Amino acid sequence: MVAAVSSGWYLSLAAVLFSLGAVGVMIRRNPLVMFMCVELMLNAVNLTFVTFARELDDVGGQVVVFFVLVVAAAEVVVGLGIIVSILRRRPAATADDASLLRG
């Protein structure tokens, strides 16, 4: 017999994941860690969308998750391009080095 997990648990997990991602973005200066934290926040939002889609018995939330995944993939492509361009100029990348990319 499988115990049913209520929507409150999923929403609590999403809140914890989003908080961890937000703290990581605010505290860390490494762009790669910041990207991972943003991905964590996006996945927390996806978990919320899926939870409400399940609760309301509607597929609209699951469709939005696909759009969020596409935005996350585009963000990674652009972000990694910026990080690689910073690393070509400097031995280590920090978020403060992004201002060096100005023409």
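Me: What share of the contacts in the protein with a separation of 6 or more comes from residues 24 or more positions apart?
Reply: Such residues account for 54% of those contacts, where contact means heavy atoms within 4.5 Å. This is a predicted model, in which local features need pLDDT of at least 70 and side-chain atom pairs count only at pLDDT 80 or more, while totals for chains, interfaces and linings use all residues. Residues are numbered from 1 along each chain as its sequence is written, and side-chain values use heavy atoms, leaving out hydrogens and water.

Me: How many helices and strands are there in the protein?
Reply: There are three helices and zero strands, and along the sequence they give the pattern α-α-α.

Me: Why are α1 and α2 called roughly antiparallel?
Reply: Helix α1 (residues 7–27) and helix α2 (residues 31–56) pack at about 160 degrees, their axes 8 Å apart. Angles run from 0 to 180 degrees between N-to-C directions, with axes fitted to C-alpha atoms over the stretch in contact. Under 35 degrees counts as roughly parallel, over 145 as roughly antiparallel, 65 to 115 as roughly perpendicular, and the rest as oblique. The angle of about 160 degrees therefore makes the pair roughly antiparallel. By class, their contact has 18 nonpolar, five polar and two charged residues.

Me: And why does the pair α2 and α3 count as roughly antiparallel?
Reply: Here α2 and helix α3 (residues 60–89) pack at about 175 degrees, with axes 9 Å apart, so this pair is roughly antiparallel. Among the residues making the contact are Phe 35, Leu 42 and Phe 49 of α2, and Val 65, Leu 69 and Ile 83 of α3. The classes here are 16 nonpolar, four polar and two charged.

Me: Why does Ser 7 count as buried?
Reply: Buried means under 20% relative accessible area, exposed over 50%, and partly exposed in between (1.4 Å probe, protein chains only). Ser 7 has 13%, so it is buried. This residue of α1 touches Thr 51 and Glu 55, not counting residues up to four places away in sequence. Across the protein, buried residues make up 22% of the 103.

Me: Why is Val 23 placed in its accessibility class?
Reply: Val 23, also in α1, has 41% relative accessibility and therefore counts as partly exposed. Its C-alpha lies 9.8 Å from that of Met 34, eleven residues away along the chain.

Me: What makes Asp 57 stand out in its phi angle?
Reply: Asp 57 has a positive phi of about 55 degrees although it is not a glycine. It sits in the loop between α2 and α3, and its relative accessible area of 72% makes it exposed.

Me: Which class does Val 77 fall into, buried or exposed?
Reply: With 62% relative accessible area, Val 77 is exposed. This α3 residue is 13 residues from Val 64 in sequence and 20 Å from it in space, C-alpha to C-alpha.

Notes. Helix = DSSP H or I, 4+ residues; strand = E, 2+ residues; numbered from the N terminus. Nonpolar A, V, L, I, M, F, W, Y, C, P; charged D, E, K, R; others polar.
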